[in-house]
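Subject: Structure for your review

Dear colleague,

Please find below the structure that I am handing over to you. My findings follow it, and I would ask you to read them with the structure open.

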Amino acid sequence: MYNSKIIGLGKYLPEQVVTNHDLSEMMDTNDAWIQERTGIKERRWIRKGTEDTSAVMGAKAARVAIERSGLKPDDIDFIVFATMTPDYYFPGCGVQIQDMLGMQTVGALDIRNQCSGFVYALSVADQYIKTGMYRNILVVGAEFHSNGLDKSTRGRSVTVIFGDGAGACVLSREKNLNKGILSTHLHSEGKYAEKLTVKSPSIKHWIPEILSSKEEDLSYFPYMDGTFVFKNAVVRFSEVIREGLLKNKLDKEDIDLLIPHQANLRIAQFIQKKFGLHDDQVFNNIMKYGNTTAASVIIALTEAWEQGLIKENTNVVLAAFGSGFTWGSVIIKW
Ligand code: COA
């Protein structure tokens with residue numbers, strides 16, 4: 001048995017900044033409402049006509065992660081790519097970046113677990129490394145939301161939250177079983193699948209049906225029961241963080257850095273208060289990037305590392321909750 005450890009981190013954000021004020025010119029919203037409810041000041045949206053997509057942004061973040069790991073693309077044994085906004089209906093983005101990075105014909109797996117996507121992806125990669133099957137795995141989270149959002153007032157409660165971006169890490173074999181990823185914890189509750197969803201196009205409700213519908217069919221825009229999601233998120237985040245701490249005989253005082261999925265600053269603040277954590281024990285960057293779904297945890301982890309907040313032996317807790325519902329946590333001794 002081995003543990004796995006993160007040996008390289010990278011991120012990529014499209015350059016176009018969309019402020020709350022910019023949104024207020026597209027729809028009936030305002031900076032005060034958005035900041036008060038979500039903490040978001042601005043987000044990045046891919047500029048139309050540029051090359052960026054989920055796969056392209058994922059590849060850009062991956063190049064940085066691989067370079068920082070000191071490895072070469074050829075050293076990667078497997079790819080795990082988390083996204084809910086893939087470039088194609090099929091195949092997934094994993095195979096695209098295998099080609100974009102000029103890698104060997106290694107396996108590539110796509111994960112569809114929305115806001116929990118990166119935590120699920122990390123857990124899958126961790127198992128492959130623990131069993132000895134692979135030595136170095138590229139784990140990517142990327143989302144291109146902006147092209148699929150309803151930018152009219154009708155969509156405002158969802159659209160103001162989401163941003164585009166990508167992050168990636170290289171996970172590698174660690175012989176010391178007290179270092180690296182100590183444990184991962186995953187959950188789902190499918191009875192709430194329709195509380196946060198994009199229902200179509202799906203094979204059940206394919207494009208000709210949408211186009212020929214007599215009534216306005218908006219099922220291709222994201223739907224969210226925001227209040228219900230909020231209430232469930234705060235409970236599940238807390239449970240799954242506690243589960244991870246218990247498993248490793250850690251106390252909340254042992255958390256050096258909690259990196260929650262950047263869903264809503266109010267959710268993160270609620271959890272911080274619940275665990276009695278200081279401001280410097282919880283990392284947030286939703287103010288700058290909004291909710292980037294499967295990319296959010298890995299962008300935040302990368303940024304925290306770039307800011308020098310993560311060093312040898314830092315206890316890092318990752319936690320996520322999202323559509324499905326799905327939720328999970330990862331406990332890391334850096
Ligand atoms: N700008 C201005 N007003 C808006 C708005 C916007 N962008 N979006 C909604 N409103 C209005 C609503 O129409 C409503 O008006 P009404 O009272 O006249 O009907 C009012 O604001 C309150 O709407 P509501 O949806 O009840 O607001 P809320 O306080 O629940 O906040 C969310 C909405 C989405 C910010 C909040 O529910 C939330 O953050 N939920 C969790 C979302 C999340 O984390 N999602 C990702 C999960 S991983």
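A pocket is an open set of grid points with protein on both sides within 12 Å along at least five of seven lines, and a volume is the space filled by probe spheres set on the points. Please note also that this is a predicted model.

**The largest pocket**

The volume of the largest pocket is about 1,400 Å³. It is lined by 35 residues, and those closest to its centre are Met-84, Thr-85, Pro-86, Arg-112 and Val-198. Sorted by class, this lining consists of 17 nonpolar, 13 polar and five charged residues. Domain 1 (3-174) and domain 2 (180-333) each supply at least three residues to the lining of the largest pocket.

**The second largest pocket**

For the second largest pocket, the volume is about 420 Å³. Its lining has 23 residues, of which Ile-161, Met-224, Gly-226, Phe-230 and Asn-264 are the closest to the centre. Two or more residues of this lining come from each of the elements α2, α8 and β12. The largest share, six residues, belongs to α8. The lining of the second largest pocket comprises 14 nonpolar residues, eight polar ones and one charged one. Here too, at least three residues are drawn from each of domain 1 (3-174) and domain 2 (180-333).

**The ligand**

Which residues are the closest to the ligand? Of the 23 residues that surround the ligand, they are Thr-29, Arg-37, Arg-156, Gly-226 and Asn-264. In Arg-37, an N or O atom of the side chain is 2.7 Å from an oxygen atom of the ligand. For Arg-156, the distance from a polar side-chain atom to a ligand oxygen atom is 2.9 Å. For Asn-264, the corresponding distance is 2.5 Å. On its own the ligand has 950 Å² of accessible area, and the protein covers 69% of this.

The elements that contribute two or more residues to the shell around the ligand are α2 (31-38), α6 (156-159), α8 (226-247) and β12 (315-322). Among these, α8 provides the largest share, with four residues. The shell contains eleven nonpolar, nine polar and three charged residues.

Yours sincerely,
A colleague

Terms used: Residues numbered from 1 in each chain as written. Predicted model: local features only at pLDDT ≥ 70, side-chain atom pairs only at ≥ 80, totals over all residues. Heavy atoms only, no water. Near = heavy atom within 4 Å. Polar contact = N/O pair within 3.5 Å; in protein donor to acceptor, adjacent residues only side chain to side chain. Areas by Shrake-Rupley, 256 points an atom, 1.4 Å probe, with all protein chains shown as cover. Nonpolar A, V, L, I, M, F, W, Y, C, P; charged D, E, K, R; others polar. 1 Å grid on protein atoms, 1.4 Å probe; cavity = no way out; pocket = protein on both sides within 12 Å on 5 of 7 lines; lining within 4 Å. Domains from an automatic or database assignment.
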